[in-house]
Amino acid sequence: MEPVTWPNGGTLTNEWVHGLMSSFEWSSWNLPPSQLPSVMPVSVFDSLILTASKILHKERNIVHVDDLDSDSKVVVVGDVHGQLHDLLFLLKDAGFPSQNQFYVFNGDYVDRGAWGLETFLVLMPDRVFLLRGNHESKYCTSMYGFEKEVLTKYGDKGKHVYRKCLGCFEALPLASIIAGRVYTAHGGLFRSPVLPKRTRGKKNRKVRLLEPETSSLKLGTLEDLMQARRSVLDPPWEGSNLIPGDVLWSDPSMSPGLSPNEQRGIGLLWGPDCTEEFLKKYELKLIIRSHEGPDAREKRDGLGGMDIGYTIDHSVESGKLITIFSAPDYPQFQATEERYRNKGAYIILQAPDLADPQFRSFEAVTPRPKANPFYDFENVIDSDDEMDKSALDTNEEQASH
């Protein structure tokens with residue numbers, strides 16, 4: 001197959017992206033990973049990632065999907081995790097982006113699966129909104145395979161390609177609002193970074209002592225989210241930069257209130273009351289988030305499993321909270337004989353209402369090309385459970401040398 005060439009004038013058309021998809025699908029069946037540069041030369045990769053980064057850096061933290069006609073559709077997609085063949089099926093099944101068909105991807109394009117780079121690179125045409133997931137970080141990509149994948153595929157140019165990808169990841173917006181009705185983000189809701197002011201005077205101090213300790217956790221506002229600094233690759237869980245960590249790592253809970261997400265070691269757990277508060281305040285009907293596959297849901301009491309690719313986690317007076325996961329038969333590489341065999345799913349939101357989600361579940365594409373994992377799936381944490389802070393510190397030390 002001929003190598004991909006950059007389009008004349010540098011304008012990305014849907015036809016060019018279709019050609020890229022075909023090239024990547026062909027190479028996945030016919031070439032070893034190290035031969036990817038013969039299909040996707042570094043010069044073309046550089047042009048593509050530069051074009052994407054320029055667009056993404058201009059976006060605000062919340063992208064607004066508003067340019068909708070009465071017959072427009074918006075397709076919302078959850079984690080795809082380098083499962084290229086399932087993503088290509090999803091795009092054909094739902095219909096490719098067009099004048100009146102938009103896509104919002106909720107992050108986690110890379111890691112775990114064997115084709116993270118190809119998966120991320122095909123998602124660049126018009127009318128596609130890409131948000132960031134927790135795996136679009138230096139920490140996750142060094143642990144769950146994407147860094148090694150890129151180094152394997154691009155050899156001596158691998159560090160350059162990986163660095164350019166990280167630069168693009170840090171430009172990805174954090175959330176979307178669709179037609180003023182639907183909020184989407186990878187993990188979900190987030191805290192206000194403002195701590196309550198200390199009160200003065202004996203009378204007030206007495207009242208202060210009666211407040212529970214968790215009162216310092218307060219649901220954040222869209223204004224807080226707009227002002228967060230998103231260009232950090234690994235949001236710290238302390239100080240003024242908590243919001244990106246929350247948006248990318250938080251999970252819903254059936255218990256009311258906001259509490260630290262102890263299981264993951266970063267982000268929050270939020271209850272149905274917080275979902276109601278957020279929906280009502282902003283006159284929204286739906287929160288659509290992703291972030292939890294079948295392995296994560298197996299360990300969560302009171303919440304539905306991920307067998308069909310989605311769950312409705314909270315049904316409250318103002319609307320619903322939905323988790324959507326778009327990687328079927330996940331994870332691709334498993335240490336046990338028994339597989340989850342989950343379906344993937346995507347959501348169609350149809351104008352003019354856009355608040356009545358249509359769910360489409362789909363099976364994993366079979367057969368798919370044989371591939372080797374790019375991470376030690378037998379020993380690495382089996383879900384994004386705990387943020388391994390020692391691993392993060394090690395990574396930062398290595399990066400500084």
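**Figure 1. Strands S1 and S5 run parallel and are joined by 4 bridges.** Strand S1 covers residues 62-65. Two strands are said to pair if DSSP finds at least two bridges between them. Helices (H or I, at least four residues) and strands (E, at least two) are DSSP runs, numbered from the N terminus. The model is predicted: local features need pLDDT of at least 70, side-chain atom pairs count only at pLDDT 80 or more, and totals for chains, interfaces and linings use all residues. Residues are numbered from 1 along each chain as its sequence is written, and side-chain values use heavy atoms, with hydrogens and water left out. In this pairing, His64 stands opposite Ile177 in S5.

**Figure 2. Strand S5 also pairs with strand S6, in the antiparallel sense.** Here 4 bridges link S5 to S6 (residues 182-185). Ile178 stands opposite Val182 in S6. The hairpin of S5 and S6 has 3 residues between the strands, and Ala179 takes a positive phi near 55°. Which way do the residues of S5 (residues 175-178) point? Ala175 and Ile177 point one way, Ser176 and Ile178 the other way, and all are buried. Buried means under 20% relative accessible area, exposed over 50%, and partly exposed in between (1.4 Å probe, protein chains only).

**Figure 3. Pro97 lies in a loop between helix H3 (84-94) and strand S3 (101-105).** Pro97 counts as buried because its relative accessibility is 9%. Contact means heavy atoms within 4.5 Å. Leaving out residues up to four places away in sequence, Pro97 touches Asn14, Tyr103, Pro125, Asp126, Arg127 and Val128. Lys73 is 24 residues from Pro97 along the chain, and their C-alpha atoms are separated by 9.7 Å.

**Figure 4. The largest cavity has a volume of about 70 Å³.** Rolling a probe the size of a water molecule over the atoms shows where empty space is left. On a 1 Å grid over the protein atoms alone, a cavity is a set of points where a 1.4 Å probe fits but cannot get out; lining residues have an atom within 4 Å of a point. Grid points are joined across faces, edges and corners, and a volume is the space filled by probe spheres set on the points. By this rule there are 4 cavities of 30 Å³ or more. Pro97 is one of the residues lining the largest cavity, and the others include Asn14, His18, Phe96 and Val128. Helix H1 (residues 14-30) gives the most to this lining, with 4 residues. By class, the lining has 9 nonpolar, 2 polar and no charged residues. Ala, Val, Leu, Ile, Met, Phe, Trp, Tyr, Cys and Pro count as nonpolar, Asp, Glu, Lys and Arg as charged, and the others, Gly among them, as polar.

**Figure 5. Glu118 is found in helix H4 (residues 116-121).** Is Glu118 buried or exposed? Glu118 counts as buried because its relative accessibility is 3%. Not counting residues up to four places away in sequence, Glu118 touches Phe24, Leu36, Leu84, Glu149 and Lys153.

**Figure 6. Helix H11 (residues 272-281) has several buried residues, among them Cys274 and Phe278.** Thr275, Glu276 and Leu279 of H11 are also buried. Just after H11, Glu283 takes a positive phi of about 55°. In the protein chain, buried residues make up 55% of the 401 residues.

Note on methods: 1 Å grid on protein atoms, 1.4 Å probe; cavity = no way out; pocket = protein on both sides within 12 Å on 5 of 7 lines; lining within 4 Å.
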